[in-house]
Amino acid sequence: MSLLLSASAADDPAEEAAPPPCYDVAVRAKLIDQVPSLMPECDDCIIMSWPWFLDLKVAKVLEGSIDAKTITALNVQHTYLQSRYGVWRLRRNTAGGFNVVRTGASGELPLKCTPAMAPPKPYIRSKDKTLDDLRNEGFGYYGHFPKR
């Protein structure tokens, strides 16, 4: 299986000089489900973060446009996030879904994307599996968010 994990939209050094991350839509939403993708196998490394599938219940669109009341977005994280309402900045990706856009290293908020900016690749992709396949594998292995 060929699987690519990415913590940013850049896949190669030539893309590292790309402009800082931006977002297409900002929503106030509650995190209602979290499914980690399968952690990649690695013999000589420590994996701190990897892609997760997040289901968000949208309460209000703050910037941009989105029609759905519940959306799935990809986020790169280490463990489960606390489920509460918050502002989520999202970038449409080339798979037709969303990537969560984080604040910069020094805490600065990302900028709004211009319409001319091409969408990035999703944070996880496979040559032989769909995002739904990858989510289902993670769900089969890890199950649902642990109830408290």
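Biologist: What makes Cys22 and Cys113 a disulfide?

Modeller: The sulfur atoms of Cys22 and Cys113 are 2.0 Å apart, and a disulfide is a pair of cysteine sulfur atoms within 2.5 Å, so the pair meets the definition. This is a predicted model, in which local features need pLDDT of at least 70 and side-chain atom pairs count only at pLDDT 80 or more, while totals for chains, interfaces and linings use all residues. Residues are numbered from 1 along each chain as its sequence is written, and side-chain values use heavy atoms, with hydrogens and water left out.

Biologist: Which parts does the link of Cys22 and Cys113 tie together?

Modeller: Cys22 lies in strand S2 (residues 22-23), whereas Cys113 lies in the loop between strand S8 (111-112) and strand S9 (124-126), so the link joins parts that are 91 residues apart in sequence. The strands, like the helices, are DSSP runs numbered from the N terminus, with at least two residues (E) for a strand and at least four (H or I) for a helix. The link is right-handed, with 100° about the S-S bond.

Biologist: How many disulfides are there, and how do the bonded cysteines pair?

Modeller: A search of the whole structure finds 2 disulfides, and in sequence order the bonded cysteines of the protein chain pair as 1-4, 2-3. Cys42 and Cys45 also form a disulfide, with sulfur atoms 1.4 Å apart.

Biologist: Why is Cys42 called partly exposed?

Modeller: Buried means under 20% relative accessible area and exposed means over 50%, with partly exposed in between (1.4 Å probe, protein chains only). Cys42 has 34% relative accessibility, so it counts as partly exposed, and Cys45, with 39%, is also partly exposed. Cys22 and Cys113, by contrast, are both buried.

Biologist: What about Pro120, buried or exposed?

Modeller: Pro120, which is found in the loop between S8 and S9, has 11% relative accessibility and therefore counts as buried.

Biologist: Which residues have the most contacts inside the largest nonpolar core?

Modeller: They are Val27, Leu56, Ile71, Trp88, Leu90 and Phe98, in a core of 16 residues. A nonpolar core is a set of buried Ala, Val, Leu, Ile, Met, Phe, Trp, Tyr and Cys residues joined through side-chain atoms within 4.5 Å. Strands S3 (25-36), S4 (50-63), S5 (70-77), S6 (85-92) and S7 (98-100) each give two or more residues to this core, and the largest share, 5 residues, comes from S4.

Biologist: How do you know that S5 is largely enclosed by the rest of the structure?

Modeller: That follows from the count, because 6 of the 8 residues of S5 are buried.

Biologist: What makes S4 and S5 a pair of strands?

Modeller: Two strands pair if DSSP finds at least two bridges between them, and 8 bridges join S4 to S5, which run antiparallel. Phe53 stands opposite Leu74 in S5, and the bridge partner of Leu74 in S7 is Asn99. S5 and S7 run parallel and are joined by 2 bridges, so this pair also meets the definition.

Biologist: Why are the buried residues of H1 placed on the same side of the helix?

Modeller: Leu134, Arg135 and Gly138 are buried in H1, and they cover an arc of only 100° around the axis, which puts them on the same side of H1. The arc is that of the directions from the helix axis to the C-beta atoms. The face turned away from this buried side carries the exposed residues Asp132 and Gly140.
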